[in-house]
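Let's walk through a protein chain together, one question at a time.

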Amino acid sequence: QVQLVESGGGLVQAGGSLRLSCAASGRTVFTSNVGWFRQAPGKEREFVGRISLSGAFTYYANSVKGRFTISRDISKNTVYLQMNSLKPEDTAVYFCATGGRGSSPQQYDYWGQGTRVTVSS
């Protein structure tokens, strides 16, 4: 069973930075792309970005392009989401997912529990 755990969320002021982590727990090892998604109160879950198995390729939603960066640490079996220049509209619960590809939540099979990010103005 693939088990993912997100961490690093919290409260930050607009313009600040935050780094989220997505760790494969136990004996789980990433074997496919890892995607980041977010869900704001009352809104649908939306795509943030994804990283390839090798970590060589990344793709981002237009809303976060240039501000967010996804990376992998193979030795730690962890994927990161570095968020800079945060805006209040970035406020959401952030999820990592694997076992799929593309920009749709339906394309991913395994999900973490989420970590909450709140950006104040």
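The questions below go from the whole chain to single residues.

Q: What kind of model is this, and what pLDDT do local features need?
A: Residues are numbered from 1 along each chain as its sequence is written, and side-chain values use heavy atoms, with hydrogens and water left out. This is a predicted model, in which totals for chains, interfaces and linings use all residues, side-chain atom pairs count only at pLDDT 80 or more, and local features need pLDDT of at least 70.

Q: How many helices and strands does the chain have?
A: Helices (H or I, at least four residues) and strands (E, at least two) are DSSP runs, numbered from the N terminus. Read from the N terminus on, the elements run β-β-β-β-β-β-β-β-β-β-β. That gives zero helices and 11 strands.

Q: Why can the chain be called as compact as a globular protein of its length?
A: The radius of gyration is taken over C-alpha atoms, and the globule rule is 2.2 Å times the number of residues to the power 0.38. For 121 residues that rule gives 14 Å, and the chain is as compact as a globular protein of that length because its radius of gyration is close to this, at 13 Å.

Q: What box do the C-alpha atoms fill, and what share of the residues is buried?
A: Taken along the principal axes, the box is roughly 40 × 30 × 25 Å. Buried means under 20% relative accessible area, exposed over 50%, and partly exposed in between (1.4 Å probe, protein chains only). Of the 121 residues, the share that counts as buried is 45%.

Q: What share of the contacts with a separation of 6 or more joins residues 24 or more positions apart?
A: Contact means heavy atoms within 4.5 Å. Among contacts with a separation of 6 or more, residues 24 or more positions apart account for 54%.

Q: How far apart do the centres of the positive and negative side chains lie?
A: Lys and Arg count as positive and Asp and Glu as negative, while His and the chain ends are not counted. The place of a charge is taken as NZ of Lys, CZ of Arg, CG of Asp or CD of Glu. The chain has 13 positive and 7 negative side chains, and the centres of the two sets are separated by 4 Å.

Q: Which residues have the most contacts inside the largest nonpolar core?
A: A nonpolar core is a set of buried Ala, Val, Leu, Ile, Met, Phe, Trp, Tyr and Cys residues joined through side-chain atoms within 4.5 Å. In soluble globular proteins, nonpolar side chains tend to be buried together. The largest core here has 30 residues, and those with the most contacts inside it are L20, W36, F68, V79, L81, M83 and Y94.

Q: Is I70 buried or exposed?
A: I70 sits in strand β7 (residues 68-73). Leaving aside neighbours within four places in sequence, I70 is in contact with W36, G49, R50, I51, T58, Y60, V79, Y80 and L81. With a relative accessible area of 4%, I70 is buried.

Q: How far apart in space are T98 and Q3, C-alpha to C-alpha?
A: T98 is part of strand β9 and counts as buried at 4% relative accessibility. Beyond four places in sequence, T98 touches several residues, including V2 and L4. T98 and Q3 are 95 residues apart in sequence, while their distance in space is 9.7 Å.

Q: Which residues does P105 contact, leaving aside its neighbours within four places in sequence?
A: P105 belongs to the loop between β9 and β10 (110-111). P105 and R45 are 60 residues apart in sequence and 7.4 Å apart in space, C-alpha to C-alpha. The contacts of P105 are F37, R45 and W111.

Q: What is the relative accessibility of N77?
A: N77 is found in the loop between β7 and β8. N77 has a positive phi of about 50 degrees although it is not a glycine. N77 counts as buried, with a relative accessibility of 17%.
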